Amino acid sequence: QVFNFSSGPAMLPVEVLRRAEQELCNWNGLGTSVMEISHRSKEFMQVAQDAEKDFRDLLKIPSNYKVLFCHGGARAQFAAVPMNLLGQAKSADYVDGGYWAQSAIKEAHKYCVPNVIDAKTTVDGKRAITAMKSWALNDDAAYVHFCPNETIDGIAINEQPDFGDKVVVADLSSTILSHSIDVTRYGVIYAGAQKNIGPAGLTLVIVRDDLLGKASQALPSVLDYSVLAENESMFNTPPTFAWYLSGLVFKWLKEQGGVDEIDKVNQAKADLLYGVIDRSDFYRNDVAVANRSRMNVPFQLADAALDKRFLEESFDAGLHALKGHRVVGGMRASIYNAMPLEGVKALTDFMVDFERRHG
Ligand code: PLP
């Protein structure tokens, strides 16, 4: 059995893939594939509505928030957020906690003057993030943007935002649905689908009603939250197959007991993997315990000369995509919702054995 530790596109629940396989050529008894039918057909509208309902149930999204099913990946939102939310404001607060936050800041420079809050710090020589209460937010900033889980750095901001009236925008691409959140603390949440939701090509946006209608004139309609909301995410042809498959993932997650239950499994997986890393001098993780990501676990081998061998042998053992991002190096195991505990067990067994043979 193969366990795929890719950071995204990432592993999907096997039950979902099997069902999609069964239904691929003959969906819903129609004799065609779901990807071949009109997005405006009553059959697909049902798929779309069910997916939205299940997603809303899973995250307990209040009725004064719209859920948008968008194209363009999370990177499109790096532009969509300022163009939808700035209004008359000239600046926005951007918290820099790692690679993806920095990418959002770079894009924001095209539309405003980002007030960059450098939240990167160290604790006992390990990479960490400063406490939210120390973030110097600007009164005239239209919103504050941050990324609670840095997929590449393996750094998480685990505090829930509490900034009074400030509009909070969060890139939840690599942590959405892995634990429960209080949606009411946010103005906008966005997430590319290809980690914890479904296939690439779909991006989910959750936006509070009162933030609609402020878009810049120059904003392309396909990125305009108001246009998308008015058209129930069907202003242009949506990525229907990704939407359908994500709907199956939401049903699967409900069957697992929902977000609170998967949260427990995610904690058990992270404890197991970090436990093996921490008990050894052969492996190392450079992130302070309080900011460790439970979704993306980067680790280094003490002897980097063994990296290639580790990757070859792990691949042969059915443990795929463990190479770290080029910015960080070493290894990275992404262990999103669809990764079962037994997958992490297989990885840690391999790591212990590899250390025994090469340590
Ligand atoms: N934000 C985060 C946290 C990510 O992990 C990624 C991709 O891995 C992105 C943004 C960019 O997403 P996309 O490739 O969908 O534009």
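Is Ser6 buried or exposed? I looked this up before anything else. Ser6 is buried, because its relative accessible area is 16%, and buried means under 20% relative accessible area, exposed over 50%, partly exposed in between (1.4 Å probe, protein chains only).

**Ground rules.** I am working with a predicted model, where local features need pLDDT of at least 70, side-chain atom pairs count only at pLDDT 80 or more, and totals for chains, interfaces and linings use all residues. Residues are numbered from 1 along each chain as its sequence is written, and side-chain values use heavy atoms, with hydrogens and water left out.

**Ser6, continued.** I found Ser6 in the loop between β1 and α1. Helices (H or I, at least four residues) and strands (E, at least two) are DSSP runs, numbered from the N terminus. Ser6 touches His320, Ala321, Ser334 and Tyr336, not counting residues up to four places away in sequence; contact means heavy atoms within 4.5 Å. A polar atom of the Ser6 side chain also sits 3.2 Å from the backbone nitrogen of Gly8. I note that a polar contact is a pair of N or O atoms within 3.5 Å; within protein, one must be able to donate a hydrogen and the other to accept it, and residues adjacent in sequence count only if both atoms are side-chain atoms.

I checked the annotations next. The unreviewed entry lists residues 2–347 for "domain: Aminotransferase class V". UniProt positions are given in the numbering used here, feature names are shortened, and annotations may be inferred rather than shown by experiment. Over residues 2–347 I get 32% helix and 19% strand, with the end C-alpha atoms 11 Å apart.

The unreviewed entry also places the feature "binding site" at Ser7 and Arg40. These are spread over 34 residues of sequence and also spread in space, up to 32.9 Å between C-alpha atoms.

**Ser7.** I see Ser7 in the loop between β1 (3–4) and α1 (14–23). Ser7 counts as buried because its relative accessibility is 16%. Leaving aside neighbours within four places in sequence, its contacts are Thr151, Lys195, Asn296, Arg332, Ser334 and Tyr336. With Arg332 there is a polar contact, side chain to side chain, at 3.1 Å.

**Arg40.** I looked for Arg40 and found it in the loop between α1 and α2 (42–59). Apart from residues up to four places away in sequence, Arg40 touches Met45, Met234 and Phe235.

Which residue does UniProt list for "modified residue: N6-(pyridoxal phosphate)lysine"? The unreviewed entry gives Lys195. I find Lys195 in the loop between β11 (188–192) and β12 (203–208). At 14% relative accessibility, Lys195 counts as buried. Among its contacts beyond four places in sequence are Ser7, Gly8, Thr151, Ser173 and Tyr336. The Lys195 side chain reaches the backbone oxygen of Ser7 at 3.0 Å.

**The ligand.** I listed what surrounds the ligand: Gly73, Ala74, Arg75, Phe78, Trp100, Cys147, Asn149, Thr151, Asp171, Ser173, Gln194 and Lys195. A residue is near a molecule if one of its heavy atoms lies within 4 Å of it. The largest share of this shell, four residues, comes from α3.

I then read off some distances:
- An oxygen atom of the ligand is 2.8 Å from a backbone N or O atom of Arg75.
- An N or O atom in the Thr151 side chain lies 2.4 Å from an oxygen atom of the ligand.
- For Asp171, a side-chain N or O atom is 2.6 Å from a nitrogen atom of the ligand.

The protein covers 85% of the 390 Å² of accessible area that the ligand has on its own; accessible areas come from the Shrake-Rupley method with a 1.4 Å probe, and for residues, only the protein chains shown count as cover.

**Cores.** I finished with the nonpolar cores, sets of buried Ala, Val, Leu, Ile, Met, Phe, Trp, Tyr and Cys residues joined through side-chain atoms within 4.5 Å. Of the 56 residues in the largest one, Phe55, Leu59, Trp135, Phe146, Ile176 and Leu177 touch the most other members. Helix α6 (residues 240–255) gives the largest share of this core, nine residues. A second, separate core of 29 residues includes Cys70, Ala80, Leu85 and Val188.
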